[in-house]
Structures are given as C-alpha cells and as structure tokens.
Amino acid sequence: MTVLQIDLETYSSVDLKKCGVYRYVEAPDFEILLFGYAYDDDPVTVVDLTAFEDLPERVLRDLTDPTVMKTAFNANFERTAIARHFGIECDPLQWRCTAVHTLALGLPGYLEGVAEVLKLPVKKDGRGKALIKYFSEPCKPTKANGGRTRNYPHHDPEKWQQYIEYNRQDVVVEREVRRKLARFPVPAHEWKLWALDQRINDRGVRLDPELVRQAIACDEQYEARLIEEAKELTGLDNPNSLTQLKEWLADRGLETPDGLSKEFMPALLDAAPDDETRRVLELRQEMSKTSVDKYNAMQRSICADDRARGLLQFCGANRTWRWAGRLIQVQNLPQNKIEDLALARETLRSGDFDLLEMLFGAPPFVLSQLIRTAFIPSPGCRFIVSDFSAIEARVIAWLADEHWVLDVFRGHGKIYEATAAQMFKVPLETIVKGHSNYELRAKGKVATLACIAEGQMVLTHVGLVPIEKVTIGHLLWDGEEWVPHDGVIDRGEKEVFDYDGLTATADHIVWIEGESRPVRFDYAAASGARLLQSGDGRDPIRVGSDHQFREALEAWVEGPNGADAVHLLRDGAMDSLLQLEAREVTGVPGVFTASEDSDLAGSSADRSKATLRESERSAVPQLRRPGDTVQLPVGIGSGPVGDRQSWPSGASYGDRSREQRRPLRAGESPLGDTEGAMRESENHGTGRMESRRVALCADGSGAEARSGNDTRANHRGSEVGGVRTTEELAGNRRKARVYDILNAGPRNRFTVSGRLVHNCGYQGGPNALIAMGALKSGIPEDELPALVKQWREANPNIVKLWYAAEDAAVTAVREKTTVKLAHGVQYRYAPGVLFADLPSGRSLAYVNPRIKPDPKFGKDGLVFDGMDQVKKKWMSHRTYGGRLVENLVQAIARDCLAESLTRLDEEGYKIAMHVHDEVVLDVPIGAGSLEHVTAVMGRQIDWAPGLPLSAAAFECDFYQKD
C-alpha cells in the first residue's frame, strides 16, 4: 500500500496545549501554513499555502483514498487540522500514528526524544520551538513591531525559509522513525481500536456551559470574600502574595522557611501563636484549593457545539497501553457524595451562591463535588455508565490459575470471606457477623483495600509528587533515609476518609505518636492519636527496634522550680518529652525531626534536672526566637510545663469537665474493627485524658498556650486529639481513586502528606499481613512470617506467578530466547527489546533490557530503559516479579476494556468517554438498556477462556458516581 507521510505547520490564536486541537482549529484565524509530505521513499515536498501555492490534486485526492495510508507523528493533529482546513472527512482507519507506535514500544512520545533514543542518523531541527513561537502563535504588540499581533512570512523571510526547512525535516525524521520500528509492528486489531478511539475523541462529550460559567463565578466570589477578610486581618495590600504574607507571619513570631504549601499547613496551624494568625493561615489554605481548575479547563476546551473533544490519549500509559487523560483529565475526577446532586447543580446554575453554601457547605467542597455533573448527555439522550467489577483481581486469579478464587467470582463473590476461609482452614459459612471467626474476614483482604487517596503528596528526592505520579525513578523518604521502591499500585476506587492531614482507606497502616507498632488508620482516627510526622527529608528520625524514639536528648527543659516534673509527660508522644520512673528521658523528636545533631536534641539525662540549650543546628532559632513558643501536647493527667510551678503527681489541670475527657472504649471503633485497641491502661488508672497544648518558650520559661475551654482549641480538638463519634467519622467518608507503593525500602515505609505510613507490600510479606489488620488484632510482629506462609499456602499459584514471571523475563534476556508462562503469556527477547506477549495478541515492550545485580535482594535483576513520567527523562528502571505481574494484569484488564469498547460500538452504542474500567455511553432515551450493556461487557472473551467478567451499570441525566 502506498504511504503518504504528512507534517503540518499551522496558525491559530487559540493555545493548542491548553485548549486542545479541536478548539484550536475552530478559531476563525486558524489556517495551515505549510504542508510537508512525501510518498514512500520519494523526496519531501513542502507546499507553502501562505504563498497561494495549491496542494497537488493527487495529494488532495489521496487524503480520502482508502488505498493510500496516511501517516504522521501524532496523527490526531494532522487529521483534525486537514479536515477543518479542507472541509473533508479524514477517516482514522486510513491513518497511522507514528507516535502511538513509539509509545507502544515503550519509547518517548515526542519526535525529538524518540529520534535521540533510536540514535537515528537524522535529527529534528532544534530551531523549531522558536520558529513555531514566531510564526504559529500570536505575538505581543510593541512599538518595534508596529503593534501587530501576528508575524507573517514577509516580516522575516530568512526565518520563514528556516521554517520551511524545519517542516521538511520533520517529515524526514518521522519516516525514519517508522522505518526503524517496522520490524516491531503494531497488531492490526490495535489500529482498529485506535480508529475507534479517534472517533470517540472526534465525537467528544457534551458539557453544561452554564454550570461551568457559574462554577467559575462562584469560586471568584468566594475567593474575593476570603481575600477581603485576609486584608482586614493583616492590613496587607495583597495577602495572596507569598512574600508579603511570610513577612507578616514573621512579625507575628511565626517563621516559615519551608513555604506555605499545603503539606506544611498542619504544622503551621499548630504553631500559630494566636487565633488571628491561625485564621490567616486557614484563609491561605482555603484560597490555595484548586476546585475550579477543571472548570477552567472545560471553559478553555469546550467547542462551539458545547462538546469537549480530545480528552483521551491512546496508549498514554506506554508500559501497559492504558488510556491517559488530557485537557480536563477525566481519569482524575473528584468523587461526588452530596446526596441531592440535582438540587446542588441547579442551585449553582441559578447563580444563588449564598443558598448553595447554606445548603451544601463551603464552595470549594461543593464545586469539587459537582465537577462530574458538568458532563451531560446529548439532547434526547441519557448516560448509561457501566464498569467492570474487581477486574484486576479476576485477571490475576485467571492468569495464575488460582481456581478457588475464580470459583468465588463465578459464584457468591465474597472474596474476602473466601480468602480468610482458605487461609485459616475454617468453613466459609462461619465467617459471618456474630461468629468468632468473623474477625478473620479482615485478614482475608490481603492488602487489597489499604491505600492512599489520589492526590496525596509523597516526599521524593526531587520534591513532593502526587502518589499516582510516583515512578520507580523516585527515591522515597522512609523517616531515616532515601530508599528505592518497586512502583505504584492502582487499587481502583475505595472508601476513604480524612484525618490529621492524611486521606486514606480505613485499613491503611500508619505510625502514630505513643505507639510501639504501626496501627490501622481508623484506629488512629478513632483514638484521636496524632499521626507521626517524618520531617522534611533532610534529617532522619530515629526509630528503634520497637519503633520508639531512642536517640539521646541534647537539649533539656529546666524551669526554676519545675524541671523535676518532666517525667510526667506522656510516654511516646511525637512532640513531647519522655521519662517514666527510673527510665532515661529519650527524646524530643517531633517538632521537626530528631537526629544525632537535631533541632531539639542533646545527651541523655536523669529525671531530676535538664537544661535547655541551643542545638548546633540553626533551624530552631530561625523558627522559634527567644520568647516565642513551641507547642507540646501533654497527657496522662499532666499539666503544663509551668512557669515556676511544680506538678504534683496525678494532678489534673485546665477547666474541662470530666465529660470532655477522652472516654475509654471497647469493642468496634466507629470506622472498623478495633476491638481492644482503646482499653483502659492498667498502668494509668485515670485513663488517657484529652491532650492539652502547652507553650514551651525558647528561653526556658513556660506558659499555657490556650485555656482548656478555648472555643477554637476545642473545635480543633475534635479534629485531632479526641475520640470521634460514629456520626463524625461516617460523615467524613467518601470514595476516591487510591494507590499504594510497593516495597518502599527495607523498612516498608514512606512519607505521604508529611506523615509516615507503611506500604502494603506486594508479594505477600509481613507488611501485607500488617495491612490486613494483624497488628490491630494483637498478633506479635514476630509471628507474622507464619501468617505469610498461611496466605501463600492459600494462594500458591499467585505466589508462583510472581517468581515465574521474573524468572521467565530474566531467562529470556540472559539466554536471548522465549520463555512461556500460561494463557498465551510469554517473555520473548528480540535485539534491544524484551517483549511480554499477551493473550490478546499484542505485546508489552521493555527497551534495552539487561541483567544487573540487585543489591536490595542479593540476586540478579532485570533493568530496562524508559520514560520517567514525572521527570520526563529517558532513564533506567529496575523491575522485579511483582511489578512484571502488575504490568501483565493491568495490560490484560485494559484489553478487556478495549474488547468491551469494540463490542459496544458494534452494538450501536455511542461512547462519550471511558474512565479506567468504566464506560460512559450517550444513549437515546428509549434505546438500549442496562441489562444489555452489562451483558455485552460480561460476555466471554475469545482470547481469555475461563476469565469470569462481570459489570454493573446505572443511568443518569448527568455524569456521576453511583
């Protein structure tokens, strides 16, 4: 077949990157400037349309000739621009996208990068960016350029000639890339799927422009209100200015060397010297929320017919070929939990923002909840939304031939109960509420729920990165050192809640102050404990074998009459002092971090006397000047570190009533099974009391920071530091996309949102059982290996798959051969590439594979080259069995979705968009049905015999989560 290679240079006053190609070509001033092309191996021709040159009749005819294959690098742009400029239809079945081909092989998705990686003899012209900016984008009017807003060829003929040559060279490079990759073709059925993807993007999804407009107006009004309040409190001209605000805070005694970003806000709010400063910080926090970013993206990208197009990128995740979101990022939409969404969205559309806030809460929250509802069906249609049920769990069981799991999915579907029954050899029917075996259900979850919500910021060696964007190339801070990890698991949508700056599932494992072991997140919230903060990554925290702080103290407290009472401070608190009876005082690790040369540290001391002195480090004097306060919570009946006052043992301080003390509880917590987690301590007959805040002055004097009945303090105490009611916790629940990190260093810990948390692990190690709730249930950590063995014995084929995949990949590379697994999966070596062939007929690619020693595990491991999605650099990546299996599972799950998209299209359904494992169909009222859609998605797939698929669906008049 004849191949016609094409590359265009265009002009439009619309920003291509921000608005997308469909909105770009709708601009009245859009035009094609240069049309570069070449047939097969012929020389490249460039047609200058600005010079009134005509496109040859043959080329114009071949643009719609099905016997001529058109190609381009990022063909969606050329297809859309040509269709608009010439008024013709560009059938995607007649096109091939070289960018998709490169992504499918794990190569960079941009022409310059792939040419460099492939070491082509031809290179992309480096002058291109400057030339595009000069001729293809509007220019700023100046006196020098006569006030014009656009540069034409006659304004700089020399540059224009360079632009022509740049266009010519792009065709040359694109052709060389295609030639180089020809020996690794993309399967024909994937090109058909890409054509369907192009039709979905061409059709787009309808938006409600009035809702979008009012959402932006509501946010602007709310922000103006916040700024006005901040002006009144601070007297600043622009309280939104970081420089001005930091100076104001410094004048109030609050230095902010680490900035005012959200991850530092909890600590800054704690350290606020007064209510006015705290309110200003709260205003800053509220103003930084980005609830309208997606509304702004909608407004930028919406086309003349109220539809947004180009929201999905085929093969955007090039390791697995899953789709990626673009422009509005539909793959990353907030959940909706407002009960009456219809009323909320109509109130917003009406412009009654006061009523909206009165009925549903603060605008940032409400606007975030309503983002999904901005997507609406076409006139006379309704949405049918359908998604797969537990698709990845089904795929891994099928891939591993774990038949008992498959039988569960084919039958009752109670996978957690069945897993527990399999692990502990008890009858399934006994794992029911009221039976003593019901507690085993939590252990049967096998880390499938313990996850961190999307958007939570993980501390990496290059800065803070959202958890969903963390890559293997990032080192993570585990509280002591920077550690490698094995990538991120996408766990799908789960129920999460917010507490003490962290958003996660109830069963995620966290570290808290005053505990020798990590605990479940819901236990931490229900007990009012503070989550352990691991510092800023520059200094280690020291955690002993029992996970308590055991570093010697370097700076101690001496009040003229009160030093002897230091031993009354609560044991184990992150930002308190520790001394019980004859034991040594052992640390103030938590205001920032604690290390051998820490901010508040010194040598060990006896219980009778210690003197406060400055650390050798300079961080504390910068943050706490003489006379300023450092906040320390005190408990167990203790009082404030007083100003020349002594503490009688067992005394209580403050004016809270007994009813305001933390109650002792037994049985289930409001968020989950935490039986026995909060029983009365035998060592402290009075039980745990509400934490009180004490101000410890930097010059050694002490003063109470806030009285016990301070309204704001009590309100904040209901957020952290006190037992939650069922209503409080249940109201905080919501759904979110969640993720976890695999094998984060030898300690299996990482820092997210400033808090130290456990990762779940992947290959069934002790941390997987920790995530199941083993520690919560009182199981000693040294007994966890035995439980690991039980889980592995219950799932032997999944365990075998981890190691089989790694052995197969390593052997294929080492011996330059092909190694088969099962169900059509095999690892196949080709010169320069390791392929993982999938049952669907396509292959995952690992470029430049080699075997290198893995110091972490003491054996040889697989290393390959690929794009780092955060750094946007081509670099080396190390992988292992669990990660390889994850790639296989996600890729096969993607292929199941692809099969369903094809079938639904063939059944006549119009696909508006798809999000992860969910499809959104634009269906005329009276046509189609939920039963038909779910039947299509649950139908057996020819290349996956025995894989049990199931889907659930609902109808709606605007997009939402069911």
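Let's start inside helix α9, where E190, W191, L193, W194, A195, L196, D197, Q198, I200 and N201 are buried, meaning under 20% relative accessible area with a 1.4 Å probe and protein chains only, while exposed is over 50% and partly exposed lies in between. Helices here are DSSP runs of H or I with at least four residues, strands are runs of E with at least two, and both are numbered from the N terminus.

A quick word on the source: this is a predicted model, where local features need pLDDT of at least 70, side-chain atom pairs count only at pLDDT 80 or more, and totals for chains, interfaces and linings use all residues. Residues are numbered from 1 along each chain as its sequence is written, and side-chain values use heavy atoms, leaving out hydrogens and water.

Back to α9, residues 188-203: at 1.5 Å a residue, its 16 residues should span 22 Å, and the end C-alpha atoms are 23 Å apart, which agrees. That expected span is 1.5 Å times one less than the number of residues. After α9 comes G204, with a positive phi near 70 degrees.

Now, how many salt bridges does a search of the whole structure find? There are 37, each a side-chain nitrogen of Lys or Arg within 4 Å of a carboxyl oxygen of Asp or Glu.

One of them joins K124 and D170 at 2.9 Å, N to O. K124 sits in the loop between α6 and α7, D170 in helix α8, 46 residues apart. K124 is partly exposed at 23%, whereas D170 is buried at 5%.

My last pair is R307 and D922, with closest N and O atoms 3.7 Å apart. R307 belongs to strand β7 and D922 to strand β34, 615 residues apart.
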